[in-house]
Amino acid sequence: MKIGLLITARLKSKRLPMKILKDLNGRTVIERIIDRAKVVKGVSDIVLCTSTNPQDRPLVDIAAKNGIYYFAGSEEDVLNRMFSAAKLFNMDFIISVTADNPLFSIYHAELAIKEAKKGKYDYIKIEGLPIGGICYGLKNKALEVVCRVKEVIDTEIWGHLFNQPRVFDVCVLPAKGKYRHPNIRLTLDYKEDYRFLKRLHREIKFTGVLSLGKVIDYLDENPRLLKINNKCVQRKLTPGIKEKIDRFYSRNLKTISGIKKRIYKYTKEKLKQGFLTLT
């Protein structure tokens, strides 16, 4: 099984312009994410997925400079961009990381990879980590199914399209022990988030990459730092949009299930014929 890691990134942020090019103790935010991705074990290729918009050209240059692949695709349709990249690089399964999360959990990314290798799951999600610590696992064929049936173009927040147990085999990995801190905010969206992340990268001693565990330990010892960005509100799907997605799946369950069956069957037939190999 070929498992790739996709970093979805653009430079379109309005609340904090060019946020992923900002400095975190000598490396840009996006470079910190690339550094972390390189440490994740079990990944065949790392691809920075950006758009064809000329504004995003600096990200292509950063990918090349840091020795990883890049893919330029749809501006608004993140899922289509991810699927096109996964298809180009012949990935069977992907670990998805967003460029807002320079402290995503390497440990939990490897847990997701371990589950992916069992071949049972279409969608792997991790619950209970700090905001910004998460990543997701997706079977490429499940991604193809959703890209085929979805009715929306703007797919920046896409998890609920896969969290549909009637169609997909979903694996939920709960964060345990000290990692279970869902109220800590480690993502980058506001200027307060940047101040917070900058402080962490400056004050915590580390070499290579800053581990999430070390960050949590430091915040346990210095809880005052949490006040820097604790008023920031995380963007998420509204209950109304979730209900709309659920109704769409309920209304079209037979059709979607049929499309999934054909896509998955095609893959199995090609494997039998020797056109594809899983290792």
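The legends below describe close-up views of a pocket, a cavity and a strand in a predicted model. In this predicted model, local features require pLDDT of at least 70 and side-chain atom pairs count only at pLDDT 80 or more, whereas totals for chains, interfaces and linings use all residues. Residues are numbered from 1 along each chain as its sequence is written, and side-chain values use heavy atoms, with hydrogens and water left out.

**View A. The largest pocket and its lining.** The largest pocket has a volume of about 1600 Å³. A pocket is an open set of points on a 1 Å grid over the protein atoms alone, with protein on both sides within 12 Å along at least five of seven lines, and lining residues have an atom within 4 Å of a point. Grid points are joined across faces, edges and corners, and a volume is the space filled by probe spheres set on the points. The lining comprises 46 residues, and Tyr136, Glu156, Ile157, Gln234 and Arg235 lie nearest the centre of the pocket. Two or more lining residues come from each of helix 3 (78–88), strand 6 (93–98), strand 7 (123–127) and helix 6 (159–162). Helices (H or I, at least four residues) and strands (E, at least two) are DSSP runs, numbered from the N terminus. Strand 7 gives the most, with four residues.

**View B. Residue classes in the lining of the largest pocket.** The lining divides into 18 nonpolar, twelve polar and 16 charged residues. Ala, Val, Leu, Ile, Met, Phe, Trp, Tyr, Cys and Pro count as nonpolar, Asp, Glu, Lys and Arg as charged, and the others, Gly among them, as polar.

**View C. The largest cavity.** A cavity is a set of grid points where a 1.4 Å probe fits but cannot get out. One cavity of 30 Å³ or more is found in a search of the whole structure. The largest cavity has a volume of about 30 Å³, and its lining includes Arg32, Pro102, His201 and Phe206. Helix 1 (residues 29–39) supplies the largest share of this lining, three residues.

**View D. Strand 1 and its partners.** Strands pair if DSSP finds at least two bridges between them. Strand 1 runs parallel to strand 6, joined by six bridges, with isoleucine 3 opposite phenylalanine 93. Strand 1 also pairs with strand 4 (residues 46–51) in the parallel sense over four bridges; there, cysteine 49 is the bridge partner of threonine 8.
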